[in-house]
Amino acid sequence: MSDKVDMDKIVSLCKRRGLIFPSSEIYGGLASCWDYGPVGVELKRNVKDAWWKAVVHERDDVVGLDTSIMMHPGVWAASGHIDNFTDPLVECKSCHLRWRADAIEGKKCPECSGELTEPRMFNLMFKTFMGPVEEEASMVYLRPETAQGIFVNFENVVTTSRKKLPLGIAQIGKSFRNEITTGNFIFRTREFEHMELEYFVKPGTDKEWLDYWVKERFDWYVELGIRKENLRLRQHGKDELAHYAKDCYDIDYLFPMGWSELEGIANRGDFDLTQHAKCSGKELSYYDAEAGEKYVPYVIEPSAGVDRSVLAFLVDAYEEEEIEGEKRTVLHLHPSLAPIKVAVLPLSRNEKLTPLAKEVFKQLCPDFVTDYDDSQSIGRRYRRQDEIGTPFCVTIDFESLEDKQVTIRERDSLAQIRVPVGELKKVIEAKLKGEAFGASTLWATRQK
Ligand code: GAP
């Protein structure tokens, strides 16, 4: 177990500082549903942007896609989700609560010790109806993974992108699973966001591409600040592989409740394209002009949860420390993930300071997500920014009015430097990219 932080502290910080709220809170909430607040929405967006940058924009062999949540029901029959995307469920004959059969010990209901039914298979896909008539023929599913939207568009993307294999197609979007056991905050929910890459390769090269993507994805978390000792790789045993997978690795993170899956990287073989070709009647193969042969590509799939990644970044960044006898809570987030990059803080709400402080804010906000805060004491405002992981605070004081210089305070080292207002943008840009801050360097020192 992580000895650093318990989940309650993360949940409380998220509520207190506008990162994540319980959904429909004024109605008493809705189990396992969460809303991202003004600060949280920036963090979540930054996580998705960082993934998209690394997986799509910084490569010439991956393109993006955004497919619809509702798809033809035939997709889910072909993909195996109707038959195989199930959990064994038992029901208490007294209180009628339902439990995952593989998650309870013994033969009695954990709630009331009542007798349990034999396990029945329960499909995890949400169903709804398309159009005004609620009948079997108009039933559709909410997608449980974004991957199938990619497979059914394989031909469209290959033809229009004019790219050769190996070729990746990436997608970020909502998925829905009627999970029986939810919990641990945003770790397992019924509605969540996926970041998925389907990387199509020539059969026979799949093993080496699986190793490649396992390393790429592991390194992504480390580069964004997660400490290596809190990450581990775990290969699936034959008995736990999903119905479509030939091989699979999990990247696990040491969450407050223990080691748990953060991302899975699977070798899906040619399962999906073969199934969709068979069920749709459309040929889904690739003509390899260099080799002069046609084949059904194999697929390597790194599949991560946005919300689960957000949780891992929060947990890893969280620290309570004592500075000169005072307690402070700080999020040591990587600068590219930090929801707010700079906070502009006039020393007080004094009418002489306000014009320069507003001018500084105006100068910075087109380039950096910038907060302006002149309420309460400067100490309280620093603490608020530390708690949401703001890398830099810019303070405007009475001296600033004379010398047109302001103070930049760095979140992790608490070091301060004085900078001319005209150079602020350039200096902050360089510091956000990791340039040394006085004797220290922002955040990166933590990785050593
Ligand atoms: N297309 C493959 C696939 O969906 P998965 O292992 O079921 O594979 C991949 O899911 C990732 O999606 C997980 O590692 C996790 O990060 C995230 N995920 C899955 N179910 C989730 C849930 N109920 N709540 C939050 N995140 C979830």
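**Exercise 1. Is F200 buried or exposed?** Work this out, then look at the ring F200 pairs with.

*Solution.* Keep in mind that this is a predicted model.
- Step 1: F200 has 0% relative accessibility, so F200 counts as buried. The cut-off for buried is under 20% relative accessible area.
- Step 2: F151 also comes out buried, at 0% relative accessibility.
- Step 3: F151 and F200 form an edge-to-face aromatic pair, with 6.2 Å centre to centre and 90° between the planes.
- Step 4: Now place the two rings. F151 sits in helix α5 (residues 147–151) and F200 in strand β10, so the pair links distant parts of the chain, 49 residues apart.

**Exercise 2. Find what the pair of W34 and F185 ties together.**

*Solution.* 
- Step 1: Searching the whole structure turns up 15 aromatic pairs. One of them is W34 with F185, an edge-to-face pair at 4.7 Å centre to centre and 85° between the planes.
- Step 2: W34 belongs to strand β2 (residues 34–36), while F185 is in the loop between β9 (167–176) and β10 (191–201). The pair therefore ties together parts that are 151 residues apart in sequence.
- Step 3: W34 is partly exposed, with a relative accessible area of 26%, whereas F185 is buried at 6%.
- Step 4: While you're looking at aromatics, pick out the cluster made by Y199, W209, Y212 and W213.

**Exercise 3. Work out how helices α1 and α9 are arranged and which residues make their contact.**

*Solution.* 
- Step 1: Take the axes of α1 (residues 7–16) and α9 (residues 306–317): they come within 11 Å and cross at roughly 105°.
- Step 2: Angles of 65 to 115 degrees count as roughly perpendicular, so α1 is roughly perpendicular to α9.
- Step 3: On the α1 side, M7, I10 and C14 make the contact; on the α9 side, L311, L314 and V315 do.
- Step 4: Sort them by class, and you get six nonpolar residues, no polar and no charged ones.

**Exercise 4. Which residues of helix α13 are buried, and what do they pack against?**

*Solution.* 
- Step 1: In α13 (residues 424–432), the buried residues are L424, V427, I428, K431 and L432.
- Step 2: Those residues span an arc of only 130° around the axis, so they lie on the same side of α13.
- Step 3: The buried residues of α13 pack against β19 (342–346), α10 (354–364), β21 (392–396), β22 (405–410) and β23 (416–420).
- Step 4: Finally, look past the helix: α13 is followed by G434, whose phi is positive, near 110°.

Methods. Residues are numbered from 1 along each chain as its sequence is written. This is a predicted model: local features need pLDDT of at least 70, side-chain atom pairs count only at pLDDT 80 or more; totals for chains, interfaces and linings use all residues. Side-chain values use heavy atoms; hydrogens and water are left out. Axes are lines fitted to C-alpha atoms, for helices over the stretch in contact, and angles run from 0 to 180 degrees between N-to-C directions. Helices (H or I, at least four residues) and strands (E, at least two) are DSSP runs, numbered from the N terminus. Angles under 35 degrees count as roughly parallel, over 145 as roughly antiparallel, 65 to 115 as roughly perpendicular and the rest as oblique. Contact means heavy atoms within 4.5 Å. Ala, Val, Leu, Ile, Met, Phe, Trp, Tyr, Cys and Pro count as nonpolar, Asp, Glu, Lys and Arg as charged, and the others, Gly among them, as polar. Buried means under 20% relative accessible area, exposed over 50%, partly exposed in between (1.4 Å probe, protein chains only). The arc is that of the directions from the helix axis to the C-beta atoms. Rings of Phe, Tyr and Trp (its six-membered ring) pair if their centres lie within 6.5 Å; planes under 30 degrees apart count as stacked, over 60 as edge-to-face and the rest as tilted.
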